Amino acid sequence: MRTVDCDYLVIGSGLAGLMSAWYLKDHGQVVLATKREMLDSNSDRAQGGIACAIAENDSVDAHTADTLSTGGGLSDEGVVRSILASGPRHIRDLEGMGILFSKRSDHEEEYDLGREGGHSVRRVLHAGDITGHEVIKVLADRVTAHPNVKLRPNLMAIDLVTTGWLKVKGPNQCIGSYFLNRVNGEILAIRARHTVLATGGAGKVYLYTSNPDIATGDGIAMAWRAGLAIRNMEFVQFHPTCLYHPDAKSFLISEAVRGEGGVLINAAGQSFMEKYDSRGSLAPRDVVARAIDHEMKTRGDTCVYLDVRRHDEEFLRSRFPNLYRVCLKYGFDMAREPVPVVPAAHYLCGGVCTDQSGVTELAGLYAVGEVACTGLHGANRLASNSLLEALVCAGNAVESMLRQAEHNPGDSVIPIPDWQSGDAVNSDEAVVVEHNWNEVRTCMWDYVGIVRTNKRLERALRRINNLRCEIRQYYLDYLITPDVLELRNIAAVAELIARSAMMRRESRGLHYTLDYPHTDDAHFRHDTIIQDPPGGPVMDAV
Ligand SMILES: Cc1cc2nc3c(=O)[nH]c(=O)nc-3n(C[C@H](O)[C@H](O)[C@H](O)COP(=O)(O)OP(=O)(O)OC[C@H]3O[C@@H](n4cnc5c(N)ncnc54)[C@H](O)[C@@H]3O)c2cc1C
């Protein structure tokens, strides 16, 4: 087995991974490994933009107040202030790299700031309606052009390598990761003094999601298997408005459309959000998603509609060029008819326990971006705060790594043992993977979705436990493939979400259960932590 050495290993090529690599490039050799192609990430799909208190009528205090209010009492105010206050500096970094945010057509020196649910003012910087793509495209070019950064696409991280697992004396630390090359099937190790997990979220745990195929929660599952604490996994954000069309796989209608006056109506053409919240269609996402779920279930409808006909075609084409084009492709002219929408799993507030610098409890390991739970979002994420978090925390993590390197410049090189496949053979039962993959996702959608109950959660957990036993056996019997690794990871994350949801016997933020419909500050105003004994690269945590 080959072992590749570097100073810094970054796993993932979304905003968190690319920014980490960018800030690290002047300080040593960086390997940027990503499981598919460079642009395959949630970041590339982001439409709305990046929230940042940059306007004259705005302030870090106001942004903090909105974030805390959305976070349902679980955001860490110190973390919130620190991340939000660093926003403008990091936005300038992006602009310095050549990223152009949209400016107002009437005042070209001013940003055209978008308004989204839960924000008290317009504060979302955007680049048309394909902000993520514009940002990632420029970043990817800049990062990969640098001689110190080696891009390794199609390398899928399997599991972290820790000195604890290797039984090396001294404090436990991460020394790299095993990888599977998706193209030629080679298994190799990458060894580094510092590893940054930037593997993103886990939307694919659910049947319906706005996330692309890469979002299988790999980093969270890997960290859990390595014995790290995983926090607040019950808080899954369902985006209220994904386009409802059989061929429009996971296409999101940005919240910015409601910000521009789009109104949700039911199949009878009635505006219904006022029944649920005084803010109407601009209520926070969890409120809107639950209202849509309720409206659909009580009326027996398969979708609701987003009506933005108050704007003419010219405005819509210029404000939402991509949305307008894609909706038209599927037969919906936004200027002339309401667009059918449904909620879908969108963002995971929980993740690997870190501080605002991505520092985990395992020396040598950082977690940045959606894979991490820093304390910014608490029980619910304010729209467009996640790109900001990925951006700022990447910078913070690198500063922290460099400080640490100053104190501990020369770690000894610990050999990483060859990957053991045991008696595993090529699988002749790939259908099992496909079947279990669908079962996990359907089970999570039906029983651990927008509205939960004790009974549904218990049922889900029983099924997921059975599936995990089966998957573990499959993992040991057959040579690994990317599909098996992802299945193993979504099943692990499914268990973490269901267990966390069972631990929270109240409703708060994104977690809503019919058995405990009220918030219970006396008993549950705290994070949910799951931490199990470490397994190892060939073992599942139990
Ligand atoms: C449709 C959509 C629209 C959104 N719009 C907004 C918005 O307007 N504003 C906002 O703030 N947020 C938005 N979000 C959320 C935001 O995009 C994400 O939270 C953010 O991009 C996460 O960045 P990241 O770098 O942590 O993860 P990602 O961008 O998802 O990157 C993860 C990377 O890790 C790689 N990876 C995963 N597993 C492995 C593995 N095992 N081995 C190697 N590589 C691996 C992936 O291939 C990918 O390159 C949106 C999300 C979606 C899906």
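Helices H3 and H4 cross in a right-handed sense. The model is predicted.

**Helix H3 with helix H4**
- H3 spans residues 60-70 and H4 spans residues 77-96; their axes lie 10 Å apart and pack at an angle of about 135°.
- That angle makes H3 oblique to H4, because angles over 145 degrees would be needed for roughly antiparallel.
- On the H3 side the contact is made by Val60, His63, Thr64, Thr67 and Leu68.
- On the H4 side the contact is made by Glu77, Val80, Arg81, Leu84 and Ala85.
- The contact of H3 with H4 has 5 nonpolar, 3 polar and 2 charged residues.
- An α-helix has 3.6 residues a turn, so residues three or four places apart point the same way.

**Helix H13 with helix H15**
- The axes of H13 (residues 430-447) and H15 (residues 482-503) come within 10 Å of each other and cross at roughly 25°.
- H13 is therefore roughly parallel to H15, since the class takes in angles under 35 degrees.
- The crossing of H13 past H15 is left-handed.
- H13 contributes Val433, Asn436, Trp437, Val440 and Met444 to the contact.
- H15 contributes Asp483, Val484, Leu487, Ile490, Ala491 and Ala494 to the contact.
- By class, the residues in the contact of H13 with H15 are 9 nonpolar, 1 polar and 1 charged.

**Asn438**
- Asn438 is also part of helix H13.
- Asn438 has 11 C-beta neighbours inside 10 Å and so counts as exposed, because the limit for exposed is 12 or fewer.
- Asn438 and Tyr366 are 72 residues apart along the chain, and their C-alpha atoms are separated by 31 Å.

**Ligand shell**
- There are 44 residues around the ligand, of which Gly12, Gly14, Gly48, Gly200 and Gly369 come nearest.
- Two or more residues of the shell come from each of H1, helix H2 (42-45), helix H5 (131-144), strand S6 (155-162) and helix H12 (385-407).
- H12 gives the largest share of the shell, 4 residues.
- The shell around the ligand divides into 16 nonpolar, 22 polar and 6 charged residues.

**Helix H1**
- H1, which gives residues to the ligand shell, covers residues 15-24 and is mostly covered, with 10 of its 10 residues buried.

Note on methods:
Residues are numbered from 1 along each chain as its sequence is written. This is a predicted model: local features need pLDDT of at least 70, side-chain atom pairs count only at pLDDT 80 or more; totals for chains, interfaces and linings use all residues. Axes are lines fitted to C-alpha atoms, for helices over the stretch in contact, and angles run from 0 to 180 degrees between N-to-C directions. Angles under 35 degrees count as roughly parallel, over 145 as roughly antiparallel, 65 to 115 as roughly perpendicular and the rest as oblique. A crossing is left-handed if the near helix is turned anticlockwise from the far one by less than a right angle, and right-handed if clockwise. Two residues are in contact if their C-beta atoms, placed from the backbone, lie within 7 Å. Ala, Val, Leu, Ile, Met, Phe, Trp, Tyr, Cys and Pro count as nonpolar, Asp, Glu, Lys and Arg as charged, and the others, Gly among them, as polar. A residue is buried if 20 or more other C-beta atoms lie within 10 Å of its own, exposed if 12 or fewer, and partly exposed in between; C-beta atoms are placed from the backbone. A residue is near a molecule or strand if its C-beta atom, placed from the backbone, lies within 6 Å of it.
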